[in-house]
Amino acid sequence: MRYATSLRIGPVGFRVGSDWRAPVEALRRLYADYPQPEDGIPDFNVHLFAARPWRRMIRPAVHIGGDFVIPDAAPLPLSLGLLAAEMGMNLQMALGQRRWLLLHASAVERDGRALLMTGISGAGKSTLAALLMTRGWRLMGDEFALLDPTTGLVHAFPRLISLKNEAIAVAERAAPQGRFGPLLKDTPKGDIRHLVPDARAIAAMGAPARPALILFPRYGFAAAEREMLPSECFVRLTQASTNYVALGERGFDALTGLVQNVPARALDYPDTETALAEVERLWESVK
Amino acid sequence: MTRYRAAPVATLRVVPLDVLTLIFHRASGITHVVDSPVPEILEALGDEALGLDALLARLGERFDLADADPAALASRLDELAAAGLVERL
């Protein structure tokens with residue numbers, strides 16, 4: 001590939017190659033403070049490529065390839081090249097990661113203990129994680145929490161925080177000193193703007209944490225909270241894991257261990273201030 | 001008469017959680033989320049092949065069955081056979 005960059009997010013190394021300069025430059029700029037893959041060897045490769053040579057220049061369309069691919073995925077315009085790169089890295093994790101049980105969850109840490117937040121797109125995982133990061137928590141990741149089947153610890157995967165639509169302005173207000181990527185308009189998920197995790201999140205990204213609380217936030221509902229039984233938590237987390245089936249019995253052990261040892265709550269919230277106050281209150285209650 | 005045999009114990013990981021029980025079936029790699037009386041049926045079968053009446057009698061000895069119904073038990077066993085957790089002989 002004409003252009004390429006390598007980086008490590010948490011324990012996972014990536015090499016992103018591209019037919020265009022811009023997506024690689026955007027990655028280099030936003031991931032400037034991230035380390036290189038261990039021993040210089042990436043775990044996964046991502047390729048951003050033009051399906052036909054002339055499509056590099058004429059109406060450039062970025063196809064996402066790599067070690068693991070979704071056949072016939074629609075390409076993105078070059079203006080969304082950064083998003084394509086991020087999607088490509090996510091895709092490698094979702095389809096190819098076998099070492100950890102992948103939970104589609106954001107995670108933050110305090111005092112060595114992790115709070116996991118999971119839910120469907122729009123539930124507020126990324127927003128709450130970003131806001132908690134600005135309030136003294138260590139961000140571990142806004143997309144994937146990596147559960148180690150052998151230790152039960154959660155490893156961080158602090159990629160760029162992906163803020164969507166209304167969450168963009170909320171995070172811009174909460175993190176006025178934050179480093180943001182370009183505003184990506186009209187993506188398949190609306191407007192997206194990335195926020196670079198703070199220096200502490202990057203410096204500590206190799207440090208795992210013991211999970212202490214699992215939240216299932218839901219944005220846009222009257223404030224309500226309820227305890228969730230381990231069985232419901234288990235079923236929801238299997239749905240929130242992209243590699244539960246692939247991991248077989250290791251995944252079963254990891255997930256049963258998690259739901260048996262860690263309390264879970266469903267949390268409905270009408271606005272982020274309410275959610276943050278509830279998070280702090282619930283966190284105190286599980287200490 | 002049809003007899004039923006549970007999947008060998010060594011192929012099952014049974015984890016009771018709360019109202020529901022998880023069963024990981026090693027032979028298939030499938031996770032089953034089950035409610036009572038499934039764990040009880042599998043335990044009552046043990047490693048024996050039992051007919052419907054013998055199984056119902058055994059469940060009756062172990063549990064206080066107020067409404068012992070062979071037809072209901074047969075349906076549960078059919079479901080378990082379809083799921084691969086019980087074999088029809």
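The model is predicted: local features need pLDDT of at least 70, side-chain atom pairs count only at pLDDT 80 or more, and totals for chains, interfaces and linings use all residues. Residues are numbered from 1 along each chain as its sequence is written, while chains are lettered from A and ligands numbered from 1 in the order in which they are written. Chain A contains nine helices and 16 strands, where helices (H or I, at least four residues) and strands (E, at least two) are DSSP runs numbered from the N terminus.

**Overall form of chain A**

- The radius of gyration of chain A, taken over C-alpha atoms, is 19 Å, which agrees with the value near 19 Å for a compact globule of 287 residues; the globule rule is 2.2 Å times the number of residues to the power 0.38.
- Along the principal axes, the C-alpha atoms of chain A fill a box of roughly 60 × 45 × 35 Å.
- Of the 287 residues in chain A, 46% are buried (20 or more other C-beta atoms within 10 Å of the residue's own, with C-beta atoms placed from the backbone).
- Among contacts in chain A between residues at least 6 apart in sequence, 69% join residues at least 24 apart; a contact requires C-beta atoms, placed from the backbone, within 7 Å.

**The five-stranded sheet of chain A**

- Five strands of chain A form an open sheet of mixed pairing in the order 1-2-3-4-5, two strands being paired if DSSP finds at least two bridges between them.
- Strand 1 (3-9) and strand 5 (76-77) of chain A each have a single partner strand, so one side of each is left without a neighbour in the sheet.
- Helix 1 (residues 21-30) of chain A packs on the sheet and touches strand 1, strand 2 and strand 3 of chain A, its direction making about 30 degrees with that of strand 1; axes are lines fitted to C-alpha atoms, for helices over the stretch in contact, and angles run from 0 to 180 degrees between N-to-C directions.
- Strand 2 (residues 12-18) and strand 3 (residues 44-49) of chain A run parallel and are joined by five bridges.
- Helix 2 (residues 81-96) of chain A lies across strand 2, strand 3, strand 4 (61-66) and strand 5 of chain A, at about 145 degrees to strand 3.

**The hairpin of chain B**

- Strand 3 (residues 21-25) and strand 4 (residues 30-34) of chain B run antiparallel, with five bridges between them.
- Thr21(B) stands opposite Val34(B) in strand 4 of chain B.
- Four residues lie between these strands, and Gly29(B) takes a positive phi near 75 degrees.

**Contact between the chains**

- Chain A contributes 10 residues to the contact and chain B 12 residues.
- Helix 6 (230-239) and helix 8 (249-261) of chain A are the elements that give two or more residues to the side touching chain B.
- Helix 6 of chain A gives the most to that side, with five residues.

Methods. A residue is buried if 20 or more other C-beta atoms lie within 10 Å of its own, exposed if 12 or fewer, and partly exposed in between; C-beta atoms are placed from the backbone. Two residues are in contact if their C-beta atoms, placed from the backbone, lie within 7 Å.
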